[in-house]
Amino acid sequence: MEQSSNAAVLSAENNQLVKQAVQVHKFGGSSLANKACIERVVGIIQQHCQLNDIVVVSANGNTTDDLFAVLALAKSGDASLNDAILALKESQATLIASLLNKSSAARLIEILDKDIQQFLTWIDLDIAKFENDLLAFGELWSARLMSAVLNERVCPSRYIDARDFLVINNERDCQVLYPLSEKQLAHCRQPEKLTVVTGYISKDADGLTKTLGRNGSDYSATIMAALVRASNVTLWTDVDGIYSADPRVVPHSRKLHRLPNGVAKELGRLGNPVLHAKTLQPLTNHSTHLHVASSFAFEVGGTEIGTFGQIAKQELSVTYLNDLLLARSESFTGDRGQEAAQEFEAITYDVEKGFIVIYQHQQKALSQWLACHDTEVSFIPAAIMATVGHKVVEHGDIKARYKRSLKDANVLEFVSSENKHSLIAVMPQNCTIELLNNVHYDMTKDARHIGLVVAGLGNIGQRFIEMLPHQLNSIHALENVHLVGLVTSKKALVNNDGIDVNHALEQFEQYAQPYDNEQFLSWLANHPYDELVVVDITPSEQFSHLYRAFFEQGIHVVGANKWAGSAPTQQYIQLLETAKKHQSLWLGNTTVGAGLPINHVIKDLLNSGDTITEISGIFSGTLSWLFENYDGETPFSTLLLDALNQGLTEPDPREDLSGRDVQRKLLILARMAGFELSLEDIHCQNLVPEALRTISKNEFFNQVPQLDDYFLVQLQQAKQQQKCIRYIARFSVEEEKINASISLEQLAQDDAFANLSACDNIFQVKSQWYDTNPLIVRGPGAGRDVTAGGLHSDLVSICQQLVSRTNQVKIKSV
Ligand SMILES: NC(=O)C1=CN([C@@H]2O[C@H](COP(=O)(O)OP(=O)(O)OC[C@H]3O[C@@H](n4cnc5c(N)ncnc54)[C@H](O)[C@@H]3O)[C@@H](O)[C@H]2O)C=CC1
Ligand SMILES: N[C@@H](CC=O)C(=O)O
């Protein structure tokens with residue numbers, strides 16, 4: 001088979017990456033179940049691994065179960081043993097032949113034959129002595145095959161049987177003898193070959209094969225990370241992360257993008273199906289981050305476990321463990337109770353009340369332990385349900401909510417865990433799926449973390465930020481909104497743990513860094529929130545070109561920027577389609593009339609079945625303000641600079657005077673009203689003299705008095721006829737013919753468009769229902785407060801819509 005283009009990255013001669021920190025990638029059995037799965041994994045390795053990384057593998061698919069079955073048949077002397085061994089051999093041989101070229105396959109099948117012979121010899125001798133050796137074949141075959149496939153298709157690779165270096169004390173504790181294992185591993189690794197290591201197996205000091213127990217391969221991966229001081233471990237599995245409850249039974253569980261170490265450990269201890277407490281043990285002493293990601297959807301971001309700030313610390317999850325025992329005894333009080341809890345790694349306990357909760361299989365051992373203490377004990381079947389979150393026991397409100405949500409359940413005991421990360425309810429019956437769903441709903445219904453990125457910190461952007469603290473504190477829909485990014489044309493400040501909204505602009509000044517769009521988009525693609533909203537308060541066409549990439553990533557946009565809404569027709573339609581396809585929301589109400597609700601009016605008429613036939617009025621706050629104030633006494637140019645200083649005009653006021661700004665607004669409204677047209681279809685009278693159109697903005701300001709004569713003449717001519725001048729936009733449809741124009745008109749002094757407060761916009765809408773007596777929306781159409789306020793209104797509206805969204809759980813088996 002041909003090598004992929006990525007193979008070069010991993011080839012020995014051309015490897016630039018060897019010196020980067022080592023990463024460990026672990027692939028579980030379901031990720032390696034068949035040819036297609038293994039090929040997917042090879043693709044992941046090509047994309048995500050460097051040559052000096054370590055790949056840890058579990059046994060392919062159900063191989064371990066099959067080996068256990070063979071073991072059981074061998075022990076019982078069942079007649080079907082030979083058939084079972086043959087079937088196992090066949091399935092391995094088929095897998096090998098499907099993935100490798102003929103000669104490599106033949107070589108591996110020959111070794112497989114020898115392994116099977118070895119099986120048979122052990123069975124003849126005494127299989128009970130070789131149980132672990134037999135089970136170890138699952139991982140051994142898997143590692144051997146993966147390494148051969150990598151050698152053939154990707155890069156030089158070598159597999160290592162973990163028993164050649166990994167030594168543990170015993171199977172019960174599985175404590176690694178680190179110095180010895182580290183030394184032995186160093187001998188086994190070859191730097192120019194990608195190492196594939198068997199998960200799940202190890203040996204003890206006597207050289208006997210030992211397994212690492214349930215989910216042992218995950219533990220193998222983190223042990224490997226500790227041995228080589230890896231920067232990162234990725235557990236590639238069949239779920240795309242850790243959820244706030246088991247997503248197989250709680251469909252509305254949320255993915256937890258980032259989990260603090262302590263919380264993850266507690267979750268593992270209390271029954272999370274993906275994480276196991278043992279897995280996290282080797283990572284406690286150094287700064288390795290752990291990722292859980294799906295090998296079936298590797299483009300979807302998984303869960304990162306490590307050290308994080310405030311936002312990640314707010315996450316809550318609900319977990320449970322059934323089939324436990326609640327043991328009560330005098331011996332479980334005081335120091336002796338502590339001792340028992342430690343000895344049996346109690347799930348929970350209370351030394352004042354004298355109880356501990358353990359697994360049912362521990363009953364015998366606990367009874368033996370108690371026998372020496374000569375005290376009464378009572379055992380009752382029990383289950384626990386826990387709400388887990390960073391220091392959750394310190395939050396009285398969460399505690400109260402948890403108790404309320406369990407008020408109808410028969411809870412025997414509530415316990416706050418010692419590490420403070422869980423509130424545990426002990427119940428005398430197994431926890432039902434229904435109870436789990438109800439409690440999960442109660443505990444997490446408000447949890448939906450929304451990241452907010454603000455692009456543009458000028459005139460309007462700064463006001464938006466100033467208003468933000470009050471908004472976040474007072475609007476319920478914004479409860480879980482976190483400011484995480486600030487962007488201008490030159491610099492960006494991004495903080496996954498949140499930017500202090502009260503000092504956002506100062507922090508931007510202090511910490512923002514130069515950036516480029518690629519960096520920005522790559523950060524957005526990997527953001528750790530349930531949703532991300534970008535608020536575009538730039539005047540930039542270039543920034544509007546990023547919308548498509550935003551939408552492709554499911555990011556929502558609130559825009560004051562008029563470029564995207566008035567883009568060429570095909571581009572605009574494509575944007576709408578992309579947003580729809582990826583369920584991205586896009587609101588741009590401030591692009592027309594600042595905060596005025598003209599967009600709501602038009603949408604409502606259309607949604608109700610009306611047909612719009614005309615839209616006309618004054619759509620420029622700047623030009624409204626100028627012509628309402630211009631009486632020929634103060635020069636027009638002085639007024640223009642005044643409007644600029646009040647924040648009414650576009651950053652370059654020629655956008656207003658040229659009619660371009662109004663042209664865009666008319667186009668946006670006409671599109672909203674359901675018509676397909678482009679800027680070129682709108683005839684526009686440009687009020688900027690030719691000589692001032694193409695010069696720089698600064699030069700324009702120097703020469704701005706050149707405007708004065710023209711406007712004085714226009715005003716005088718109008719006055720001679722007892723009229724005034726106003727810049728009017730008109731759009732109408734007659735027998736499917738569209739007329740759209742913008743021009744300086746002379747209006748009678750009592751015209752509806754001639755008597756506005758300075759800066760007001762007026763929108764006159766005619767429709768089938770509002771025909772002879774048109775509908776009018778009027779009010780301030782520009783300015784810092786109304787525009788920033790309008791943007792906040794859009795943000796609230798998006799967040800309200802997002803609250804009702806449920807997560808798409810991506811699990812292979814669901
Ligand atoms: N002034 C008003 O009353 C209204 C303004 N608007 C719109 O609000 C937007 C902002 O206007 P102002 O605040 O007056 O502009 P401004 O010029 O004061 O500020 C613009 C900001 O955008 C940033 N920026 C420019 N290009 C960028 C890029 N490519 N990437 C990232 N950031 C970029 C600049 O660094 C600056 O921080 C404009 O689109 C304007 O049309 C909309 C409704 C009303
Ligand atoms: N410059 C614009 C600002 C709002 O879009 C205007 O004056 O209307």
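Me: What makes ligand 1 lie between domain 3 and domain 4?
Reply: Both domains give residues to the shell around ligand 1, so it lies between them. Domain 3 covers 450-585 + 793-803, and domain 4 covers 598-781. Keep in mind that this is a predicted model.

Me: Which residues come nearest to ligand 1?
Reply: The shell has 29 residues. Gly 456, Gly 458, Thr 488, Ser 540 and Pro 651 come nearest. To count as near, a residue needs its C-beta atom, placed from the backbone, within 6 Å of the ligand. Two elements give two or more residues each: α16 (459-474) and α19 (541-544). The largest share, three residues, comes from α16.

Me: How do the residues of that shell divide into nonpolar, polar and charged?
Reply: There are twelve nonpolar, 15 polar and two charged residues. Gly counts as polar here.

Me: Why is His 252 called partly exposed?
Reply: Count its neighbours. His 252 has 16 other C-beta atoms within 10 Å. Buried needs 20 or more, and exposed needs 12 or fewer. The value 16 falls in between, so His 252 is partly exposed.

Me: Where is His 252 found?
Reply: His 252 sits in the loop between β9 (242-243) and β10 (255-256). His 252 and Ser 231 are 21 residues apart in sequence. In space, their C-alpha atoms are 33 Å apart.

Me: Which feature does UniProt place at residues 597-796?
Reply: The unreviewed UniProt entry gives "domain: Homoserine dehydrogenase catalytic" there. Such an annotation may be inferred rather than shown by experiment. In the model, residues 597-796 are 42% helix and 24% strand. The end C-alpha atoms of this span lie 15 Å apart.

Conventions
Residues numbered from 1 in each chain as written. Chains lettered and ligands numbered in written order. Predicted model: local features only at pLDDT ≥ 70, side-chain atom pairs only at ≥ 80, totals over all residues. Helix = DSSP H or I, 4+ residues; strand = E, 2+ residues; numbered from the N terminus. Domains from an automatic or database assignment.
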